[in-house]
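Load the model in your viewer and keep the selection panel at hand. The stops below can be taken in order.

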Amino acid sequence: MKKQRPVNLDLSTISLPAAAKASILHRVTGVAMFFALVFVIWAWAYSLQSQASFDYVQSLMTSHLAKFIAWGTITVLIYHLLAGVRHLVMDMGHWEELKSGTLSANIIMVLWLVLAVLAGVWLWF
């Protein structure tokens with residue numbers, strides 16, 4: 001029996017709804033936080049060894065690369081927290097319809113962008 005199913009191998013033609021993009025980004029930020037913790041835990045552990053190591057980590061944190069890594073870690077954490085709250089609200093039975101789900105996903109993304117800019121301003125100025 002031959003099944004005639006549509007096959008779409010060109011992923012660039014698939015348009016995901018905002019709620020799907022928000023959910024995928026929530027998973028991606030969870031993985032990114034896991035890897036960002038390697039840097040954070042190293043900095044904490046090394047800075048607690050001695051005064052010299054604390055001074056070294058402190059001087060390292062003033063570089064542009066370290067501030068960029070810190071900004072990335074903070075923005076990933078912010079998005080993951082916002083999307084996590086959105087998922088908790090959805091688990092309670094709200095925002096499950098197409099219109100409200102799309103609206104909540106768009107609000108989360110806009111709020112994340114605003115908070116990411118504010119985090120950058122806080123770190124660099």
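The model is predicted.

**Stop 1: helix 1 against helix 4**

Select helix 1, residues 18-47, and helix 4, residues 98-124. At what angle do helix 1 and helix 4 pack? The angle is about 50°, and the axes are 8 Å apart. Helix 1 passes helix 4 in a left-handed crossing.

Now show the side chains at this contact. On helix 1, pick Ala-18, Ala-19, Lys-21, Ala-22 and Leu-25. On helix 4, pick Gly-101, Thr-102, Ala-105, Asn-106, Met-109 and Trp-112. By class, the contact of helix 1 with helix 4 comprises 7 nonpolar residues, 3 polar and 1 charged.

**Stop 2: the aromatic rings**

Stay on helix 1 and select Trp-42 and Tyr-46, which are 4 residues apart in that helix and thus separated by about one helical turn. The structure holds 6 aromatic pairs. In the pair formed by Trp-42 and Tyr-46, the ring centres are 5.4 Å apart and the planes are at 10°, so this pair is stacked; the cut-off for stacking is planes under 30 degrees apart.

Are Trp-42 and Tyr-46 buried, exposed or partly exposed? Trp-42 has 36% relative accessibility and counts as partly exposed. Tyr-46, with a relative accessible area of 28%, is partly exposed.

Ring pairs link Phe-39, Trp-42, Tyr-46 and Tyr-56 into a cluster.

**Stop 3: Ser-53**

Go to helix 2, residues 51-60, and select Ser-53 within it. Ser-53 counts as buried, at 4% relative accessibility. Leaving aside residues up to four places away in sequence, Ser-53 touches Tyr-46 and Ser-47. Tyr-46 is also a member of the ring cluster from the previous stop.

**Stop 4: helix 3 against helix 4**

Select helix 3, residues 64-91, together with helix 4. How do helix 3 and helix 4 cross? Their axes come within 9 Å and cross at roughly 155°. Angles over 145 degrees count as roughly antiparallel, and that description therefore applies to helix 3 and helix 4. The crossing of helix 3 and helix 4 is right-handed. The contact of helix 3 with helix 4 has 19 nonpolar, 5 polar and 2 charged residues.

**Stop 5: Ile-74**

Within helix 3, centre the view on Ile-74. Its relative accessible area is 26%, so Ile-74 is partly exposed. Which residues does Ile-74 touch, not counting those up to four places away in sequence? They are Ala-119, Trp-122 and Leu-123. For a distance check, draw a line from the C-alpha of Ile-74 to the C-alpha of Val-85: the two residues are 11 residues apart in sequence and 17 Å apart in space.

**Stop 6: Trp-95**

Finish at the loop between helix 3 and helix 4, where Trp-95 lies. Most residues other than glycine have a negative phi. Trp-95 is not a glycine, yet has a positive phi of about 60°. At 36% relative accessibility, Trp-95 counts as partly exposed.

Conventions:
Residues numbered from 1 in each chain as written. Predicted model: local features only at pLDDT ≥ 70, side-chain atom pairs only at ≥ 80, totals over all residues. Heavy atoms only, no water. Phe/Tyr/Trp six-rings, centres within 6.5 Å; stacked < 30°, edge-to-face > 60°. Helix = DSSP H or I, 4+ residues; strand = E, 2+ residues; numbered from the N terminus. Buried < 20%, exposed > 50% of the residue type's maximum accessible area, 1.4 Å probe, protein only. Axes fitted to C-alpha atoms, helices over the stretch in contact; angles between N-to-C directions. Parallel < 35°, antiparallel > 145°, perpendicular 65-115°, else oblique. Left-handed = near helix turned anticlockwise from the far one by under 90°. Nonpolar A, V, L, I, M, F, W, Y, C, P; charged D, E, K, R; others polar. Contact = heavy atoms within 4.5 Å.
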